[in-house]
Amino acid sequence: QVTLAQYGGGLAQAGGSLTLSCRPSGSINSRYLMAWFRQAPGKEREFVAAISAAAGTPRYGDSMKGRAAISRDNAENTVYLRMNKLEPADTATYYCAADTKLITDPQVILTTGYAYWGQGTQVTVSA
C-alpha cells in the first residue's frame, strides 16, 4: 500500500516561515518525482513546486516563486517544502504528490499528472 504521510503546517504570522514534510511509504522512493500543491477554500488546487527524482532538480509555480524551496532527502525518503515570507494569501491546504514523470514533463504542474497524493495539511497565515 502506498501512502504519502505529511507533517508540518499549522498557524503562522505574515512574514514568517513554515516547513512541510512528506514521507512516502510503500513503493515510492527516490526514483519518483515529488511535488507540492495547495488548495484554498473555493479555489482549484494549484501547483507550488516539484522536485525531480534522485538529482533533485526543482521546478516552481508562480504562486510562491522566490518564497518557497523544495528539497528532498533520499536517504530519509522525505521531501520538504520550506515557505518563507508567508502571506495571508498562502492560507490553504497543502498536498504532497508523487509520480514517475520527468521534471520537464508539462503535466508536472497539473493535478492530473500525479498518481499518488498525501492527505493534505492545513496552513493558516494570519495578518
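The questions below take terms used for this predicted model and set its values against their definitions.

This is a predicted model, in which local features need pLDDT of at least 70, side-chain atom pairs count only at pLDDT 80 or more, and totals for chains, interfaces and linings use all residues. Residues are numbered from 1 along each chain as its sequence is written, and side-chain values use heavy atoms, with hydrogens and water left out.

Q: Why is Pro41 called exposed?
A: Exposed means over 50% relative accessible area, buried under 20%, and partly exposed in between (1.4 Å probe, protein chains only). Pro41 has 74% relative accessibility, so Pro41 counts as exposed. Pro41 lies in the loop between β4 (33-39) and β5 (46-51). Helices (H or I, at least four residues) and strands (E, at least two) are DSSP runs, numbered from the N terminus.

Q: How far apart are Pro41 and Thr91 in sequence and in space?
A: In sequence they are 50 residues apart, and in space 8.8 Å, C-alpha to C-alpha.

Q: What makes β7 and β8 a pair of strands?
A: Two strands pair if DSSP finds at least two bridges between them. Between β7 and β8 (residues 78-83) there are 6 bridges, and the two strands run antiparallel. Ala68, for example, stands opposite Met83 in β8. The two strands form a hairpin with 4 residues between them, and Asn77 in the turn has a positive phi of about 50 degrees.

Q: Which side chains of β7 are buried?
A: In β7 (residues 68-73) the side chains alternate: Ala68, Ile70 and Arg72 point to one face and are buried.

Q: Why are β1 and β7 at the edges of the open sheet?
A: The sheet has 4 strands in the order β1-β3-β8-β7, with antiparallel pairing. β1 and β7 each have a single partner strand, so one side of each is left without a neighbour in the sheet. From one strand to the next the twist averages 20 degrees, where axes are lines fitted to C-alpha atoms (for helices over the stretch in contact) and angles run from 0 to 180 degrees between N-to-C directions.

Q: What makes the contact between Thr93 and Gln122 a polar contact?
A: A polar contact is a pair of N or O atoms within 3.5 Å; within protein, one must be able to donate a hydrogen and the other to accept it, and residues adjacent in sequence count only if both atoms are side-chain atoms. The side chains of Thr93 and Gln122 make such a contact at 3.0 Å. Thr93 lies in β9 (residues 92-99).

Q: Which residues count as members of a nonpolar core?
A: A nonpolar core is a set of buried Ala, Val, Leu, Ile, Met, Phe, Trp, Tyr and Cys residues joined through side-chain atoms within 4.5 Å. The largest one has 26 residues, of which Met34, Trp36, Leu81, Met83 and Tyr94 touch the most other members. β9 gives this core its largest share, 4 residues. Another core, apart from it, has 9 residues, among them Ala35, Phe37, Phe47 and Ala50.

Q: Why is the pair Arg38 and Glu46 called a salt bridge?
A: A salt bridge is a side-chain nitrogen of Lys or Arg within 4 Å of a carboxyl oxygen of Asp or Glu. The closest N and O atoms of Arg38 and Glu46 are 2.6 Å apart, and the pair forms a salt bridge. Arg38 is buried at 7% relative accessible area, while Glu46 is partly exposed at 32%.

Q: What does the salt bridge between Arg67 and Glu87 tie together?
A: The closest N and O atoms of this pair are 3.8 Å apart. Glu87 lies in the loop between β8 and β9 and Arg67 in the loop between β6 (58-60) and β7, so the pair ties together parts that are 20 residues apart in sequence. Arg67 also forms a salt bridge with Asp90, at 2.8 Å.
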